[in-house]
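Me: I have a chain open here and would like to go through it slowly. Can you walk me through it?

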Amino acid sequence: MRPCFSTRYSHINQVAADTQTWEQSAAFRLEQAVLHGAVKFYVRNDGLGFSIPYEYYGVPHHYEPDFLVRLANDVTLLVEIKGWEDDQDRAKHKPPAAGAMQ
């Protein structure tokens with residue numbers, strides 16, 4: 001069982017943490033951003049089923065960003081927390097090839 005932390009400004013009342021500090025720190029900063037007017041609301045993308053397709057060496061994959069954040073300007077920001085970025089992580093940011101991932 002993962003530790004959970006209460007939220008005030010998320011649509012879900014708990015943030016489930018995968019690490020000892022990173023998700024908790026992000027949730028704390030997002031809560032502060034709501035208080036300062038930079039963020040309207042956010043949610044930890046845990047068990048919501050929201051994933052993004054990408055391709056790595058021609059093999060299709062999906063990843064789930066850690067948080068979905070609605071900024072004050074109504075733009076939705078996807079937040080992925082990483083300690084170290086490798087080649088496969090960088091592949092997540094490349095646009096799909098034409099006709100890929102259909």
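Reply: Let us begin with a definition: helices (H or I, at least four residues) and strands (E, at least two) are DSSP runs, numbered from the N terminus. From that end on, the elements of the chain run β-β-α-β-β-β-β-β-α, which comes to two helices and seven strands. This is a predicted model, where local features need pLDDT of at least 70, side-chain atom pairs count only at pLDDT 80 or more, and totals for chains, interfaces and linings use all residues. Residues are numbered from 1 along each chain as its sequence is written, and side-chain values use heavy atoms, with hydrogens and water left out.

Me: What pLDDT does the chain average, and where is confidence lowest?
Reply: pLDDT is the predictor's confidence in each residue, from 0 to 100. The chain averages 84, and 88% of the residues score at least 70. Confidence is lowest in strand S2 (residues 14–16), at a mean of 73, and highest in strand S6 (residues 67–71), at 95.

Me: How many salt bridges are there?
Reply: A search of the whole structure finds six, where a salt bridge is a side-chain nitrogen of Lys or Arg within 4 Å of a carboxyl oxygen of Asp or Glu. One of them pairs aspartate 74 with lysine 40, with the closest N and O atoms 2.4 Å apart. Aspartate 74 lies in the loop between S6 and strand S7 (76–79) and lysine 40 lies in strand S3, so this pair ties together parts that are 34 residues apart in sequence.

Me: And aspartate 66, which residue does it pair with?
Reply: Aspartate 66 forms a salt bridge with arginine 44, and their closest N and O atoms are 3.4 Å apart. Both aspartate 66 and arginine 44 are buried, a word that means under 20% relative accessible area, while exposed means over 50% and partly exposed is in between (1.4 Å probe, protein chains only).

Me: New topic: is glutamate 31 buried or exposed?
Reply: Glutamate 31, which is found in helix H1 (residues 22–35), is buried yet has no salt bridge, and the nearest side chain of opposite charge, arginine 8, is 5.7 Å away. (Lys and Arg count as positive and Asp and Glu as negative; His and the chain ends are not counted.)

Me: What does lie by the side chain of glutamate 31, then?
Reply: The backbone nitrogen of arginine 8 lies 3.1 Å from a polar atom of that side chain.

Terms used:
Polar contact = N/O pair within 3.5 Å; in protein donor to acceptor, adjacent residues only side chain to side chain.
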